[in-house]
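Dear colleague,

Please find the structure below, handed over for your review. My findings follow it.

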Amino acid sequence: MQNIVENDRSPIGSMAMPPANAAAIPSTGVKAPTFELRNSRGEVTSLDSLIKGGKWTVLYFYPGAFTSGCTLEARGFQRDINQYRDLNTQVVGVSVDSVEKNAQFCNEEQLDFYMLSDAGGKISKLYGSALSVPGFGTFSNRQTYLLDPKGNLMFVFTDVESHVPRHSAEVLGKIKQVQAEA
């Protein structure tokens with residue numbers, strides 16, 4: 001299968017190169033990489049547990065809780081959470097932040113969805129979203145993955161950083177498009 005990714009210069013999506021120090025983005029149309037991580041509620045969440053309920057999943061990776069861009073992005077998803085629910089879709093964030101920091105972020109921002117703690121960035125690497133910054137460690141790059149109810153990777157947003165304020169609306173539009181084609 002080919003990698004179908006989005007960048008801001010094309011309305012239909014195009015091939016995009018990940019940063020030189022990031023792993024390859026997984027192919028679309030196939031099962032997403034499996035994982036098992038603790039969430040901000042202290043529970044273990046896996047790919048299998050996400051798809052068990054038959055919902056679509058927006059799995060979004062972000063660099064760090066309480067930063068301006070990450071807060072803006074989370075608030076956008078929260079603002080639109082009922083629209084996601086109307087589309088049988090759940091929103092889940094992923095960062096290298098600790099469970100405790102993610103829990104505090106969800107609490108302070110009053111988020112109706114949880115964050116996964118990817119300490120060390122292992123899952124971020126599997127999804128091609130890890131960035132290694134010399135002297136600072138590994139972070140999750142701001143990327144969003146759309147998974148169907150069977151856990152297949154259907155679309156990848158790679159150029160999120162340049163349009164965080166409108167990202168949630170773009171994700172909603174893509175969900176509607178992909179669900180109509182399914």
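Please bear in mind that this is a predicted model.

I begin with the strands. Strand S2 (residues 36-39) and strand S3 (residues 44-46) run antiparallel and are joined by 3 bridges. One of the pairings sets glutamate 36 against serine 46 in S3. Together, S2 and S3 form a hairpin with 4 residues between them. In the turn, glycine 42 has a positive phi of about 85°. S2 also pairs with strand S6 (residues 115-117), in the antiparallel sense and over 2 bridges. Here the bridge partner of asparagine 39 is leucine 116 in S6.

Next come two helices. Helix H2 (residues 68-79) packs against helix H6 (residues 164-181) at an angle of about 35°, and their axes are 8 Å apart. The crossing of H2 and H6 is right-handed. H2 contributes Gly69, Leu72, Glu73, Gly76, Phe77 and Arg79 to the contact, while H6 contributes Val164, Pro165, His167, Ser168 and Val171. Of these contact residues, 5 are nonpolar, 4 polar and 2 charged.

Finally, I would draw your attention to cysteine 106, which lies in helix H4 (residues 99-108). Is cysteine 106 buried or exposed? Its relative accessible area is 8%, which is under 20%, so cysteine 106 counts as buried. Leaving aside residues up to four places away in sequence, cysteine 106 touches Ser40, Leu111, Phe113, Tyr114 and Met115. The C-alpha atom of cysteine 106 is separated by 9.9 Å from that of threonine 71, and these two residues are 35 residues apart along the chain.

With kind regards

Conventions:
Residues numbered from 1 in each chain as written. Predicted model: local features only at pLDDT ≥ 70, side-chain atom pairs only at ≥ 80, totals over all residues. Heavy atoms only, no water. Pairing = 2+ DSSP bridges. Axes fitted to C-alpha atoms, helices over the stretch in contact; angles between N-to-C directions. Left-handed = near helix turned anticlockwise from the far one by under 90°. Contact = heavy atoms within 4.5 Å. Nonpolar A, V, L, I, M, F, W, Y, C, P; charged D, E, K, R; others polar. Buried < 20%, exposed > 50% of the residue type's maximum accessible area, 1.4 Å probe, protein only.
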